Amino acid sequence: MAECILCGSDAGVIVLDLGAQPSPRHWPLPTDPLPDPTHALALRLCPDCGLAQLDADDTTEPEVPVPEPQAVVDQARRAVADLGRLGHLDGRTSVVEFGSPHGGSWLPLLDLTPTDGPADLVVDSFGLMHERDLPAALARRAKALADDGLAAFLIQPLGDVVAQSAWTVLRHGHHGYFTLTSLRTALGTVGITPTSVLRYDLYGGVAVVLASRGGQPDADLLAAYDDESRRGLAIPEGLACLAEAVSASTGRLRSYLEGHRAAGTRLFAYGAASKAVAELAMVGDAAGAILAVGDASPAKQGRCMPASRIPVISPAELVAADPAEVLLLLPDLHDELLATHPSLAGRVVVPGAGRPTGTSRPIPPGGAATCPGTPGRNAGDR
């Protein structure tokens, strides 16, 4: 049994097992031999510290660079504006940022001087979830934070993932899946205390957790901890709906694709997102209904989706192909796609939506099934 990446416990329990899946960091050329390599992909919950994490990950390839989606840029701007409005940036002059290997940065939005630390502000934008050695990563962040500094951690809370049964967030390279409570436990190991949380609807729900040395959680954060405890997010039963949703959501997608293949629809997709890799691999031959996937990343264009081997093309090539329908594989790209390519209006669909969307916000894929007693949130990983 693997040891917990936070506390070292070997008492972890598998709560979601997708079997052997292709890596979202391996983008083969059309001429590369089949089959594409696969790797075990399972989510393990540590009963001792409450952290959900990859059971194992033997992938070693680097992340493929992708352009930052406009929705991510907009969320960062809103978060920085909120920090300023609430007075959290008053008197601060320096910043250290721990970013995600997927790219993106808050530094251009902050009127602060980047430094090696200690800094008045430490920003972690989806950085912790990519760390295999979590204690070392936490120690680096604590060292970078001045004694009276503020830390801001951007996470996709596991509670929001569970609320939407969004099992597709599980992917190689993402090692830790934090609840607000397990993040509190993790930060407590290095003497940092969460004090408040700001919530945004990116990716179906993200949170900016503010923390400091010697801080005290506010009433809203304490209520959030109580809610996570009530929902049982630190026990296997509280995460059971993730496994239950897999067959239902892949079945819906398979049925949609088989119907379009039988009808001869010129079906394309948009957004060669990592969350779609396992999903398309798991629907099997039905994925062949998709003629190509448009994506803005030059590093993916001319390559194929792993395992399903659907060609990846540029957005311009997608528009030129004049598709009858475009299956949107990452809902947060919806507004950006139609703003950039308005000719696609009325042809964009989302798994589970069952109809083209115009300018309305699409339904999140797999979002129809939610865990009892958990609040649904409006959608949206590269």
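**Exercise 1. How many aromatic pairs does the structure hold? Characterise the geometry and the setting of what is found.**

Solution. The model is a predicted one.

Step 1. Counting the pairs gives one aromatic pair in the structure.

Step 2. A pair of aromatic rings is described by the distance of the centres and the angle of the planes. Phenylalanine 126 and tyrosine 203 are the partners, with 6.2 Å centre to centre and 45° between the planes. Planes under 30 degrees apart would count as stacked and those over 60 as edge-to-face, so the pair of phenylalanine 126 and tyrosine 203 is tilted.

Step 3. The pair links distant parts of the chain, its members being 77 residues apart. Phenylalanine 126 belongs to the loop between β6 (119-125) and α2 (134-144), and tyrosine 203 to the loop between β9 (193-200) and β10 (206-212).

Step 4. Buried means under 20% relative accessible area. Phenylalanine 126, at 12%, is therefore buried, and tyrosine 203, at 10%, is buried as well.

**Exercise 2. Determine how helices α4 and α5 are oriented to each other, and identify the residues of their contact.**

Solution. 

Step 1. Helix α4 covers residues 180-188 and helix α5 residues 219-230. Their axes are 8 Å apart, and the packing angle is about 115°.

Step 2. The two helices, α4 and α5, are therefore roughly perpendicular to each other.

Step 3. On the α4 side the contact is made by Leu180, Thr181 and Arg184; α5 contributes Leu221, Ala224, Tyr225 and Glu228. By class, the residues of this contact divide into four nonpolar, one polar and two charged.

Step 4. The charged end of arginine 184 sits over the ring of tyrosine 225, at 4.0 Å from the ring centre.

**Exercise 3. Describe the surroundings of helix α7 and its packing against α6.**

Solution. 

Step 1. Helix α7 (residues 275-282) is mostly covered, six of its eight residues being buried. The buried residues are Lys275, Ala276, Val277, Ala278, Glu279 and Leu280.

Step 2. The cover over the buried residues of α7 includes β1 (13-22), α6 (240-263) and β12 (290-294).

Step 3. The axes of α6 and α7 come within 9 Å and cross at roughly 75°. The pair α6 and α7 is therefore roughly perpendicular.

Step 4. Val246, Thr250, Leu253 and Arg254 of α6 meet Glu279, Leu280 and Met282 of α7. The residues of this contact divide into four nonpolar, one polar and two charged.

Step 5. Glycine 284 follows α7 and has a positive phi, near 70°.

Key. Residues numbered from 1 in each chain as written. Predicted model: local features only at pLDDT ≥ 70, side-chain atom pairs only at ≥ 80, totals over all residues. Heavy atoms only, no water. Axes fitted to C-alpha atoms, helices over the stretch in contact; angles between N-to-C directions. Helix = DSSP H or I, 4+ residues; strand = E, 2+ residues; numbered from the N terminus. Parallel < 35°, antiparallel > 145°, perpendicular 65-115°, else oblique. Contact = heavy atoms within 4.5 Å. Nonpolar A, V, L, I, M, F, W, Y, C, P; charged D, E, K, R; others polar. Phe/Tyr/Trp six-rings, centres within 6.5 Å; stacked < 30°, edge-to-face > 60°. Buried < 20%, exposed > 50% of the residue type's maximum accessible area, 1.4 Å probe, protein only. Lys NZ or Arg CZ within 6 Å of the ring centre and 35° of its normal.
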